[in-house]
Amino acid sequence: MSTTEVGAPAPDFDSASTAGGRQTLGDLKGSKLVLYFYPKDSTPGCTLEGQNFRDLHDEFTAANAVILGVSRESIRSHDNFRGKQDFPFHLLSDPEETLCNAYDVIKEKSMYGRKYMGIERSTFLVDEEGVLRREWRKVKVKGHAEEVLEAVREL
């Protein structure tokens, strides 16, 4: 069940991170947070999305924003994906879908006529005080990182 509402405190989390150990929303107080959910490591769309955030990382940092990617993959998978793509930001592992459910990104999907539950590509922007300021659902990768950067700069 989603607990996301723009203008309200963002759902807290405590997730395993490629930074080593655990990452919580409280750890990021004082910085803007771009939390992007993606279906699977090392797939074409997810790789391109991560590369787009990577390529704009310095601009996000200059705007006092931290980027975190989230999927259900393991830390080992995330470490491999992050290393291969040279991502300067960390990835959170959510195999139990706790964070995914808090942000309501698990949706019914269909591939080759087969229905299954998976992560709907989504991004959330949280301000320095932990308040959810923007959300993008059913994200199309092209131009998305640039749109998020613009929203970060407007905060």
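Which residues does asparagine 64 touch, not counting residues up to four places away in sequence? Asparagine 64 touches Gly30, Ser31, Lys32 and Glu128, where contact means heavy atoms within 4.5 Å.

## Basis of the report

The structure is a predicted model, in which local features need pLDDT of at least 70 and side-chain atom pairs count only at pLDDT 80 or more, while totals for chains, interfaces and linings use all residues. Residues are numbered from 1 along each chain as its sequence is written, and side-chain values use heavy atoms, with hydrogens and water left out.

## Overall architecture

The protein chain contains 5 helices and 9 strands. Helices (H or I, at least four residues) and strands (E, at least two) are DSSP runs, numbered from the N terminus. In sequence order, these elements give the pattern β-β-β-α-α-β-α-β-α-β-β-β-β-α. The protein chain is as compact as a globular protein of 155 residues, because its radius of gyration of 14 Å is close to the 15 Å that the globule rule gives for that length. The radius is taken over C-alpha atoms, and the globule rule is 2.2 Å times the number of residues to the power 0.38.

Along its principal axes, the C-alpha trace spans about 45 × 35 × 30 Å. Of the contacts in the protein chain with a separation of 6 or more, 62% are between residues 24 or more positions apart.

## Surface and charge

Buried residues account for 48% of the 155 residues. Here buried means under 20% relative accessible area, exposed over 50%, and partly exposed in between (1.4 Å probe, protein chains only). The protein chain exposes about 7,800 Å², and carbon and sulfur atoms supply 48% of that area. Accessible areas come from the Shrake-Rupley method with a 1.4 Å probe; for residues, only the protein chains shown count as cover.

There are 21 positive and 26 negative side chains, and the centres of the two sets lie 6 Å apart. Lys and Arg count as positive and Asp and Glu as negative, whereas His and the chain ends are not counted. The place of a charge is taken as NZ of Lys, CZ of Arg, CG of Asp or CD of Glu.

## A buried histidine

Histidine 78 lies in helix α3, which covers residues 75–85. Histidine 78 counts as buried because its relative accessible area is 0%. Leaving aside neighbours within four places in sequence, histidine 78 is in contact with Thr18, Tyr38, Asp41, Ser71, Glu73, Leu91, Leu92 and Ser93.

## Salt bridges

Side chains of opposite charge can pair when their charged atoms come close. A salt bridge is a side-chain nitrogen of Lys or Arg within 4 Å of a carboxyl oxygen of Asp or Glu, and by this rule the count comes to 10. Among them is the pair of arginine 22 and aspartate 14, at 2.9 Å from N to O. Arginine 22 is exposed, with a relative accessible area of 52%, whereas aspartate 14 is partly exposed at 46%. Another salt bridge joins aspartate 55 and arginine 54, also at 2.9 Å from N to O. Aspartate 55 is exposed at 52% relative accessibility, and arginine 54 is partly exposed at 25%.

Arginine 72 forms a salt bridge with glutamate 97, with the closest N and O atoms 2.7 Å apart. This pair links distant parts of the chain, 25 residues apart: arginine 72 is in the loop between β4 (65–71) and α3, and glutamate 97 is in the loop between β5 (90–93) and α4 (98–102). Arginine 72 is partly exposed, with 27% relative accessibility.

## Residues with positive phi

Most residues other than glycine have a negative phi. Asparagine 64, although not a glycine, has a positive phi of about 65 degrees. Asparagine 64 is found in the loop between α2 (57–62) and β4 and is partly exposed, with a relative accessible area of 32%. The C-alpha atoms of asparagine 64 and asparagine 52 are separated by 18 Å, the two residues being 12 residues apart along the chain.

Aspartate 104 also has a positive phi, near 55 degrees. Aspartate 104 is placed in the loop between α4 and β6 (106–111), and at 27% relative accessibility aspartate 104 counts as partly exposed.

## Tyrosine 116 in strand β7

Tyrosine 116 is found in strand β7, residues 114–119, and is partly exposed, with a relative accessible area of 23%. Not counting residues up to four places away in sequence, tyrosine 116 touches Lys107, Glu108, Lys109, Ser110 and Met111.
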